[in-house]
Protein chains: 4
Amino acid sequence: MADEPIAKIPYSLNSKAVADATKMWLNKRGVNLQEIAELVMFLQKKYYPNLTMEECVHNVEMVLSKREVQNAVLTGIQLDMLAEEGKLFPPLQDMIENDEGLYGVDEILAFSIVNVYGSIGFTNYGYVDKLKPGVLERLNDKNTGQIHTFLDDIVGAVAAAASSRIAHRKQAEREIDLELPHSPEDREEAARKLAEHEKQPE
Amino acid sequence: MADEPIAKIPYSLNSKAVADATKMWLNKRGVNLQEIAELVMFLQKKYYPNLTMEECVHNVEMVLSKREVQNAVLTGIQLDMLAEEGKLFPPLQDMIENDEGLYGVDEILAFSIVNVYGSIGFTNYGYVDKLKPGVLERLNDKNTGQIHTFLDDIVGAVAAAASSRIAHRKQAEREIDLELPHSPEDREEAARKLAEHEKQPE
Amino acid sequence: MADEPIAKIPYSLNSKAVADATKMWLNKRGVNLQEIAELVMFLQKKYYPNLTMEECVHNVEMVLSKREVQNAVLTGIQLDMLAEEGKLFPPLQDMIENDEGLYGVDEILAFSIVNVYGSIGFTNYGYVDKLKPGVLERLNDKNTGQIHTFLDDIVGAVAAAASSRIAHRKQAEREIDLELPHSPEDREEAARKLAEHEKQPE
Amino acid sequence: MADEPIAKIPYSLNSKAVADATKMWLNKRGVNLQEIAELVMFLQKKYYPNLTMEECVHNVEMVLSKREVQNAVLTGIQLDMLAEEGKLFPPLQDMIENDEGLYGVDEILAFSIVNVYGSIGFTNYGYVDKLKPGVLERLNDKNTGQIHTFLDDIVGAVAAAASSRIAHRKQAEREIDLELPHSPEDREEAARKLAEHEKQPE
């Protein structure tokens with residue numbers, strides 16, 4: 001991050017472009033949201049027996065709408081692709097190409113994703129990263145010619161973050177059902193977002 | 001975090017109670033939101049000359065509405081108070097009482113706060129934690145009999161997180177002004193929250 | 001951490017006392033190093049078939065000799081004990097007593113332990129924290145009257161960190177066997193430590 | 001990190017090659033150890049008036065001898081260089097080229113460096129990253145045609161980690177001077193390293 005007054009920079013980011021690129025690149029690298037949602041279901045069904053695939057997909061989408069997550073996804077996929085093309089300098093090329101045991105930058109990016117929904121997702125991340133269910137098994141297959149050293153961990157992290165998001169939402173729903181008082185900030189936020197939306201050209 | 005099906009646990013958390021306790025304890029320990037907002041203004045005014053104190057206070061409130069933040073604030077204040085009362089076991093009592101240089105759990109809790117709005121807040125946290133402007137100077141005064149080993153770092157972290165939140169919001173506002181397309185998730189989210197709010201008894 | 005010149009503080013930490021307290025409290029709370037070493041063996045035996053229990057115990061001891069780790073262990077055990085005695089203020093007391101799903105400070109402390117040996121330990125931590133093998137099953141038993149909300153995660157984190165340490169050491173051993181050149185810093189460090197040791201009164 | 005038995009992988013990492021590449025690339029990108037040591041001196045001289053530049057250089061070297069640090073340095077420099085050559089895909093190219101305010105992967109890598117010596121370095125990192133003294137001012141100059149979006153933060157992080165290492169060492173030295181008992185692990189470790197060194201072909 002630059003620590004410069006933003007006014008000085010003629011460059012202007014388009015958040016929508018970053019969000020779209022994230023989904024596009026996940027797709028190009030062979031990962032669809034449904035598969036990530038299946039990891040979420042795998043992690044959460046025993047806690048919430050009524051959890052639907054629609055909810056899982058929705059929560060994955062919400063995780064992917066966060067800039068911090070998009071940054072990690074795009075950076076990781078770019079490094080995987082450059083390694084696949086043999087374009088990194090020697091020791092780094094070897095480390096990423098071979099998914100080397102002492103190279104942990106993939107885990108570091110994964111953690112920046114999990115962290116967006118807090119520490120309660122750490123365990124779920126480690127669990128799916130070890131077991132490699134579903135899409136993670138395919139991404140981890142070393143015989144395809146493709147390199148997914150980063151994407152493998154990133155997909156597990158998105159699923160873990162979506163699981164944390166569900167835990168927070170389910171608690172909110174339970175409290176509403178119990179007619180408990182609810183956070184005033186939530187309402188303020190909803191009102192603000194709606195106003196923003198109405199101001200917005202379509 | 002327990003990894004037990006929540007159904008088994010008769011205990012039911014009331015989020016509102018946790019949120020209220022967070023504000024109450026900050027207040028009891030001598031910190032008001034206005035002072036934290038002043039730290040935010042100190043950190044952000046050079047980037048956003050039109051930033052108002054109202055916006056700063058609002059963003060501090062939003063940071064404090066996050067469960068991950070509330071957990072850190074409550075845990076840190078509790079440890080400060082127990083140290084003040086001399087109720088911790090010996091080596092820990094000494095370390096917290098003396099804000100010992102090699103004891104870094106206060107920074108760890110601070111980081112769990114900053115992280116909620118992503119890595120872009122790390123720099124702002126370190127900067128105010130070193131300079132100790134405003135309320136941080138008072139909290140760091142070792143001659144008051146009060147112990148704020150944790151609160152000191154926590155308040156700086158809340159201000160840094162609020163600064164990150166502002167950076168994200170200002171980017172969104174700029175894009176709306178430029179009539180750029182906006183994230184569909186934001187609208188969906190706003191709609192969902194509003195629906196939730198309407199369902200809610202008052 | 002205080003940001004004060006240490007000269008001003010009459011308090012002087014005794015590192016040995018902190019290290020001894022860490023082992024003593026682990027023991028008092030019913031955890032012995034052998035059991036943590038068994039978790040390490042569980043995590044590492046498939047990668048290093050010749051790994052011995054002696055090596056596992058040694059690596060656990062090395063992890064526990066780090067100040068950052070000692071700080072987390074002591075802070076976590078203290079919070080568990082205070083919760084057991086009902087001495088925390090209300091919302092925090094309930095959250096720790098019930099190992100509440102949205103309370104993640106235990107994971108945060110655990111991560112500060114894993115991090116000391118880098119990001120490659122994240123996966124191992126999550127894995128044992130989910131499976132709860134051996135000592136972790138006992139610590140996680142909610143019917144004993146004891147509260148191990150923190151210790152549970154801390155023990156898993158120490159085992160994960162020891163596993164990371166082993167991965168680094170095994171790589172070094174392999175390179176020595178292959179007669180590859182070795183890091184000059186390692187030798188310099190060993191020489192320095194020995195000199196320090198000889199200077200030291202006994 | 002791959003979670004595969006290492007025996008399966010014919011690839012064998014040479015740690016010395018990774019360490020050498022780290023120093024070589026830092027040098028090629030215009031950063032020498034002396035300049036990083038000056039940042040350390042800037043951060044630490046008020047706490048340790050007798051601190052020498054030799055000690056600062058030595059501690060920087062020790063930080064750079066850690067694999068976790070080398071991984072972050074190499075990955076960050078590689079991304080800077082690819083951005084300089086315009087070889088990243090569109091949204092990422094723009095974000096790194098412009099050191100975009102909401103792109104925080106540079107801070108994430110920086111933090112993986114600081115973390116190796118624990119949380120006490122967070123404050124020092126944020127402080128130098130904001131003030132940009134010495135070499136950081138030059139790296140942060142946007143008018144050179146060079147891109148140091150990552151290196152800028154990485155150099156500050158190495159200096160912060162070296163400062164944390166000094167804090168730990170100075171405490172150990174103070175305890176030896178006071179004839180306090182010293183950690184048995186340190187001696188064991190020194191003995192082990194020396195034995196390893198003697199076994200080692202030269």
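**Interface and salt bridges of a predicted multi-chain model**

Between chain A and chain D an area of about 3,900 Å² is buried, and carbon and sulfur atoms give 65% of that area. Buried area here is the accessible area, found with a 1.4 Å probe, that two parts lose on being put together, summed over both. The size of an interface is often given in this way, as the accessible area lost when the parts come together. The structure is a predicted model, in which local features need pLDDT of at least 70 and side-chain atom pairs count only at pLDDT 80 or more, while totals for chains, interfaces and linings use all residues. Residues are numbered from 1 along each chain as its sequence is written, chains are lettered from A and ligands numbered from 1 in the order in which they are written, and side-chain values use heavy atoms, with hydrogens and water left out.

The secondary structure of chain A consists of ten helices and zero strands. Helices (H or I, at least four residues) and strands (E, at least two) are DSSP runs, numbered from the N terminus. Of the 202 residues in chain A, 63% count as buried; the term buried stands for under 20% relative accessible area, exposed for over 50%, and partly exposed for values in between, with a 1.4 Å probe and protein chains only. Contact is defined as heavy atoms within 4.5 Å. Among contacts in chain A between residues at least 6 apart in sequence, 72% join residues at least 24 apart.

At the interface of chain A and chain D, 43 residues of chain A are in contact with 44 residues of chain D. The rule finds two salt bridges across this interface, a salt bridge being a side-chain nitrogen of Lys or Arg within 4 Å of a carboxyl oxygen of Asp or Glu. D:R67 forms a salt bridge with A:E100, and the closest N and O atoms of this pair are 3.0 Å apart. Nine residue pairs between chain A and chain D, both residues at pLDDT 80 or more, are in polar contact. A polar contact is a pair of N or O atoms within 3.5 Å; within protein, one must be able to donate a hydrogen and the other to accept it, and residues adjacent in sequence count only if both atoms are side-chain atoms.

The side of chain A that touches chain D receives two or more residues from each of α1 (15-28), α4 (67-84), α5 (90-97) and α6 (105-114) of chain A. The largest share, eleven residues, comes from α4(A). By type, the residues on this side of chain A divide into 23 nonpolar, eight polar and twelve charged. In this division Ala, Val, Leu, Ile, Met, Phe, Trp, Tyr, Cys and Pro count as nonpolar, Asp, Glu, Lys and Arg as charged, and the others, Gly among them, as polar.

Chain A is superposed on chain D by a rotation of 180° with 0.0 Å of shift along its axis, at an RMSD of 0.0 Å. That is the relation of a two-fold axis. The C-alpha of A:I108 is the one in chain A nearest the axis, 3.7 Å from it. The same surface serves both copies, as 100% of the contact residues of chain A recur in chain D. Copies are superposed by least squares on the C-alpha atoms of residues with pLDDT of at least 70 in both.

Over all chains, a search of the whole structure finds 40 salt bridges. In one of these, the side chains of A:R138 and A:E35 meet at 2.5 Å, N to O. This pair links distant parts of the chain, with A:R138 in helix α8 (residues 135-139) and A:E35 in helix α2 (residues 33-44) of chain A, 103 residues apart. A:R138 is partly exposed, at 41% relative accessibility, whereas A:E35 is buried, at 14%. Chain A also holds a network of salt bridges that links A:E55, A:K170 and A:E173.

Another salt bridge joins C:R67 and B:E100, whose closest N and O atoms are 2.9 Å apart. C:R67 lies in helix α4 (residues 67-84) of chain C and B:E100 in the loop between α5 (90-97) and α6 (105-114) of chain B, so the pair joins two chains. C:R67 is buried, at a relative accessible area of 7%, and B:E100 is buried at 6%.

In chain B, B:D152 is part of helix α9 (residues 149-177) and counts as buried, at 0% relative accessibility. Residues up to four places away in sequence aside, B:D152 touches B:D99, B:D129, B:K132, B:L136, B:L139 and B:N140.
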